[in-house]
Amino acid sequence: MQSFDCRNIVFVYMPTTSSNTSPVITALSYTISRVFLINLMITVFVLVIVMVIVAPQAEAARAFFVFGDSLVDSGNNNYLATTARADYPPYGIDFPTHTPTGRFSNGLNLPDVISESIGIAAPLPYLSPELTGQKLLTGANFASAGVGILNDTGLQFLNILRIHRQLELFGEYQERLSGIIGQGPAQELVSEALVLMTLGGNDFVNNYFLTPFAPRRRQYTLPQYCSYLIYEYRKFLLRLYGLGARRVIVTGIGQLGCVPAELALAGSVKGECAGEPQQAKAIYNPLLVQMLQELNTNVLGSNIFIASNAFDMNMDIINDPKRFGFKTSKVACCGQGPYNGLGTCNSFSFLCANRNTHVFWDAFHPSERAVRLIVKQMMTGSTKYMIPMNLSTIMALDST
Ligand SMILES: *[C@@H]1O[C@H](CO)[C@@H](O)[C@H](O)[C@H]1NC(C)=O
Ligand SMILES: *[C@@H]1O[C@H](CO)[C@@H](O)[C@H](O)[C@H]1NC(C)=O
């Protein structure tokens, strides 16, 4: 944010400086060519100052690291032998290039819109061959569609980057970065970076709720399972801290029972949300917030972890989509079957004409327009959505 402000100010003032100066010089009755020359010198001088001011700040743009599942995967799964992928039409139909990229969205996804909001470039997928050299300095996205907190989540998707693997790759990334800018600066870049963690939804929809006979369901009651997930997540977050992360936004899970896939699965008649997944959300999210607060106060002693209930704002949209300019919060834009909630979104699916009128793009994932509302809450929302503070407060705090 800050580097953007400075740049604007400098560029806005530049022409003003030279035009303010020229009447003064003219009044001193110099020849026209000398006025021109002096103006030129002033312009060059100002330009040099601008370059000196802007260059180091552009370099110091905050790095951004992303871990998690399909809500934040920007294309890692394109490089893997998995069925969890979004690298075919109509995914990406509203992306700037209008082509599929592996994002589970009609357009931009959560990390894209966060990057846009804080004025940085969205980090590339870690597996992308383009992520080399200086580009490593802007961060990396390690997320992989289908993963969960548990290793046995998303087994049906075969080869995906399970969350512990994402962390290993983060270690590998840091070695590569050290090779470019040195170990000290690399550590500094990581500790000053923003980190986004979006995980947990698949541990329910692609594990516990997958079938009535899922092993985890036979092993645990729902409250027990939630506690177990939180226990494992806590261990993981401490490992992430151990690898140098110092500002980590951890999102809770969304309205699992209200996604078109669950409406279809539960045989919802009038669009009422499926009970059990909603219950899971109601148990899991408060436990997550509590665990993050406990880590911050009792273990780490500062606000390393920021809990985000931003997906909860979905509920406002889901209950009253028209207030937010949507036509439906029940039917996916792309899909088939009841609520367009069965199977995958692909080129044979029904596709809505205007993605901006749908809260859900496919059976599980919000449309870009819904993502923008979620990010707005992350940026400026109250402590109901961002605990203990929102992203604009974080950005202001960390830039001082
Ligand atoms: C998951 O696998 C990783 C290694 O890939 C291991 O370190 C971790 O303990 C496992 N988690 C559980 C809950 O078994
Ligand atoms: C969130 O951000 C807005 C706008 O920057 C700010 O006015 C507000 O006080 C913040 N709220 C909290 C609870 O941090």
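Biologist: Which residues does Val248 touch, not counting residues up to four places away in sequence?

Modeller: Val248 touches Val195, Met197, Leu240, Ile304, Phe305 and Ile306. Two residues are in contact if their C-beta atoms, placed from the backbone, lie within 7 Å. Before we go on: this is a predicted model, where local features need pLDDT of at least 70, side-chain atom pairs count only at pLDDT 80 or more, and totals for chains, interfaces and linings use all residues. Residues are numbered from 1 along each chain as its sequence is written, while chains are lettered from A and ligands numbered from 1 in the order in which they are written.

Biologist: Thanks! Which residues touch the most other members of the largest nonpolar core?

Modeller: Phe65, Val195, Val248 and Val250 do, in a core of 97 residues. Such a core is a set of buried Ala, Val, Leu, Ile, Met, Phe, Trp, Tyr and Cys residues joined through C-beta atoms within 7 Å. A residue is buried if 20 or more other C-beta atoms lie within 10 Å of its own, exposed if 12 or fewer, and partly exposed in between, with C-beta atoms placed from the backbone.

Biologist: How much of the protein chain counts as buried?

Modeller: Of its 400 residues, 42%.

Biologist: And how many helices and strands are there?

Modeller: The protein chain has 13 helices and eight strands. Both are DSSP runs numbered from the N terminus: helices are H or I with at least four residues, strands are E with at least two.

Biologist: Let's pick a helix. Why is H6 described as largely enclosed?

Modeller: Eight of the eight residues of H6, residues 201-208, are buried, so the rest of the structure largely encloses this helix. Its buried residues, including Phe204 and Tyr208, pack against helix H7 (215-219), helix H8 (222-242) and helix H10 (275-300).

Biologist: How do H8 and H10 pack?

Modeller: Their axes are 9 Å apart, at an angle of about 35 degrees. Axes are lines fitted to C-alpha atoms, for helices over the stretch in contact, and angles run from 0 to 180 degrees between N-to-C directions. The residues of this contact divide into 15 nonpolar, two polar and one charged. Ala, Val, Leu, Ile, Met, Phe, Trp, Tyr, Cys and Pro count as nonpolar, Asp, Glu, Lys and Arg as charged, and the others, Gly among them, as polar.

Biologist: New topic: what surrounds ligand 2?

Modeller: Thr380, Ser382, Thr383, Met389, Asn390, Ser392 and Thr393. To count as near, a residue's C-beta atom, placed from the backbone, must lie within 6 Å of the molecule or strand. By class, the shell has one nonpolar, six polar and no charged residues.

Biologist: And which residues are around ligand 1?

Modeller: Leu150, Asn151, His164 and Glu232. That shell has one nonpolar, two polar and one charged residue.

Biologist: Back to single residues. Is Ala245 buried or exposed?

Modeller: Ala245 counts as buried, because it has 22 C-beta neighbours inside 10 Å. Ala245 is found in the loop between H8 and strand E4 (248-251). Leaving aside neighbours within four places in sequence, Ala245 is in contact with Val190, Val195 and Leu240.

Biologist: Where does Leu155 lie?

Modeller: In the loop between E2 and helix H4 (163-181). Leu155 is partly exposed, with 14 other C-beta atoms within 10 Å. Leu155 and Asn206 are 51 residues apart along the chain, and their C-alpha atoms are separated by 8.5 Å.
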